[in-house]
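Trainee: I should like to learn how to read the features of a structure. May we work through one together?

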Protein chains: 2
Amino acid sequence: MALRGGLDLGGTKIDAVVVNDASEIVGSARRETPRTGGPPDVVKELAAALRDAAAAAGVEPAELAGVGVGSPGEVDREAGTVARAGNLPGWADAFPLAAALGEELGTRVAVGNDVRAAVEAERVLGAGRTYRSFLGVWWGTGIGGAVVIDGRLWLGRGSAGELGHVVVRLDGAPCPCGRKGCLEAYAGRSAMERRARRAFAKGAKTDLFELMRKQKRDRLTSGVWAAALVRGDALATRLIDRAVWALGAGVGSAINLLDLEAVVIGGGLGTRFGVPGAERIAASMQPHLFVADRPPAVVVTELDDSGGALGAALLVA
Amino acid sequence: MALRGGLDLGGTKIDAVVVNDASEIVGSARRETPRTGGPPDVVKELAAALRDAAAAAGVEPAELAGVGVGSPGEVDREAGTVARAGNLPGWADAFPLAAALGEELGTRVAVGNDVRAAVEAERVLGAGRTYRSFLGVWWGTGIGGAVVIDGRLWLGRGSAGELGHVVVRLDGAPCPCGRKGCLEAYAGRSAMERRARRAFAKGAKTDLFELMRKQKRDRLTSGVWAAALVRGDALATRLIDRAVWALGAGVGSAINLLDLEAVVIGGGLGTRFGVPGAERIAASMQPHLFVADRPPAVVVTELDDSGGALGAALLVA
């Protein structure tokens, strides 16, 4: 039986799995993503995480049929390179991730886009498996997206799925991408944090940053936002409301254009807010739907934290 | 050789063609769409137009392999019905168009959505034939759309392509559909006319309505808008600029989501403004593109006025 490896490379952590032919996890591991250094340091941690998962499965990395990596940034699948991974240390130029990690592990490595890998896992194994068409909405640091059409991930000319940069308000809020009015400018955790910090600096009352310190974080993680909401923090509530308001328009627009069967919500904030969060997004989308009496199903990912790594393992299936 | 008929049912006119196996036009005719009465009156004119085109081709309607109709409103292809065709007289409830027209003509009739039929014609015979994926943007009374993916029109659950109701400005301008901030609220001719009439009533200086009377129209047709632009009319210029501004965001968002090879511009205003208009839309879209260095081709329909009827004939191919 051929075992495969999967690595989900996030800005905070690296998830590794070893799976069998049925995509069942037979070994897994987690490591922190290096916060300093450069691509070679990240490669070392990726290799270490995969070795841990392989050890848990009782195999050597070199025995695997292959290892897939779901990566942020600009991924060139053919070339096996990754460029402009803003959340990874010192990773601006294109780096030959597949080649470097393949050398470390002694097996072939394929790289793919992280959100697409996670959506592919949901399509094959998770919340998307009963639908022939759906939109994956990865609500986290940014807003990732992926479109499944006719039972297949639609890549376009290679870059389809940039839901975060759908314009929801012309000439609107500044987006981390440098443009204005993108969905991500309202609903991406990074843009939300920027706005929260500015409001806080101007004297707005909020527990967000106290909660952040208590949780020993230096960023407003999904856990920090969730804790602030539970406390009824006014600023956090307002910013999450605003994010949901924008998500309703962005997701609703995609449905008007493509009339998909379902919307699958994932990502750090998406999974943190779970079914109630998905219900809020569905309600926010409803007024924008052109065919209002037949909304798509709005569901949450089923594979949780391991979805990214499982999807990465599908890259070498 | 099997001949087929095609009818494009517009709010102003009915275009009829008879085509051969190669989709070459062997007979054509045009009639005015009835402005009063109800669906049976429209059916009579559709039948008359098709008989004219058949006569020009030297055949009887009953000899045709079938007749396709591209219709506005809510089209149910399976049932052969059309409902809520707002631009047609007395056409609110579902009417069995295929059955009624089939009885008149003595041949089988298929009905389909008008914009999709026209886009299908461009895909097979026109500006879209060299692309595997493109977005059809029908800029007219409303903003129609159609998405071609992997060489086929993507219908979703039956209603894909509602580009006009993609949200470009959350809580923005009121749309004829009753929602707010839709692309059509800014760029649809009907919404533009509404805004022009309001500005004029408030004292704005404009030649739009004088030109309308001179052209013996009671609506601001594409020809009226074009004439006003040529004169440098300030209100017309401002409203067209605003439409192009909104089109850039709506079309750009669709490209960010789907990464299509091309955008094909059609519709009354789209064909009227031609290549310069397409170039303006391309320029307006550019700042919104996530992959800015690889924009889609933006081209104009090639089949002009007969595209709708040719596409309708493809419904029975």
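Trainee: What pLDDT does chain A average, and what are the ipTM and pTM scores?

Mentor: This is a predicted model, and we therefore begin with its scores. Chain A has an average pLDDT of 96, and 100% of its residues score at least 70. The model has an ipTM of 0.94 and a pTM of 0.94.

Trainee: How does one check the length of a helix, for instance helix H5 of chain B?

Mentor: One compares the expected span with the distance between the end C-alpha atoms. Helix H5(B), residues 189-201, has 13 residues, which at 1.5 Å a residue should span 18 Å. The C-alpha atoms at its ends are 18 Å apart, so the two values agree. Helix H3(B), residues 114-125, can be read likewise: its twelve residues reach 16 Å from the first C-alpha to the last, close to the 16 Å expected.

Trainee: Which residues of H5(B) are buried, and against what do they pack?

Mentor: An α-helix has 3.6 residues a turn, so residues three or four places apart point the same way. In H5(B), the buried residues are Arg189(B), Ala191(B), Met192(B), Glu193(B) and Ala196(B). The buried residues of H5(B) pack against helices H4, H6, H7, H8 and H9 of chain B. After H5(B) comes Gly203(B), which has a positive phi, near 105°.

Trainee: Why is H3(B) described as largely enclosed by the rest of the structure?

Mentor: H3(B) is described in this way because eleven of its twelve residues are buried. Among them are Asp114(B), Arg116(B), Val119(B), Glu122(B) and Leu125(B).

Trainee: At what angle do helices H8 and H9 of chain A pack, and which residues meet?

Mentor: For a pair of helices, one reads the angle, the distance of the axes and the residues in contact. H8(A), residues 234-258, and H9(A), residues 267-285, pack at about 65°, and their axes are 7 Å apart. Their crossing is right-handed. From H8(A), Val244(A), Trp245(A), Leu247(A), Gly248(A), Val251(A) and Gly252(A) meet Arg280(A), Ile281(A), Ser284(A) and Met285(A) of H9(A). By class, this contact has six nonpolar, three polar and one charged residues.

Trainee: Is Val137(A) buried or exposed, and what is it in contact with?

Mentor: One counts the C-beta atoms around the residue; 20 or more others within 10 Å make it buried. Val137(A), in strand S8 of chain A, has 29 other C-beta atoms within 10 Å and is therefore buried. Beyond its neighbours within four places in sequence, its contacts include Gly145(A), Leu163(A), Val251(A) and Ile265(A). Val137(A) and Gly266(A) are 129 residues apart in sequence, and their C-alpha atoms are 6.0 Å apart in space.

Trainee: How many other C-beta atoms lie within 10 Å of Arg4(B)?

Mentor: Arg4(B), found in strand S1 of chain B, has 23 and is therefore buried. Leaving aside neighbours within four places in sequence, Arg4(B) is in contact with residues including Val19(B), Leu64(B) and Ala313(B). Arg4(B) and Tyr131(B) are 127 residues apart in sequence and 26 Å apart in space, C-alpha to C-alpha.

Trainee: How many residues does each chain bring to the contact of the two chains?

Mentor: Chain B brings 37 residues, and chain A brings 37 residues. On the side of chain B that touches chain A, strand S9 and helix H8 each supply at least two residues. H8(B) gives the most to that side, with nine residues. By class, the side of chain B that touches chain A has 19 nonpolar, eleven polar and seven charged residues.

Methods
Residues numbered from 1 in each chain as written. Chains lettered and ligands numbered in written order. Predicted model: local features only at pLDDT ≥ 70, side-chain atom pairs only at ≥ 80, totals over all residues. Helix = DSSP H or I, 4+ residues; strand = E, 2+ residues; numbered from the N terminus. Expected span 1.5 Å × (residues − 1). Axes fitted to C-alpha atoms, helices over the stretch in contact; angles between N-to-C directions. Left-handed = near helix turned anticlockwise from the far one by under 90°. Contact = placed C-beta atoms within 7 Å. Nonpolar A, V, L, I, M, F, W, Y, C, P; charged D, E, K, R; others polar. pLDDT = per-residue confidence, 0-100.
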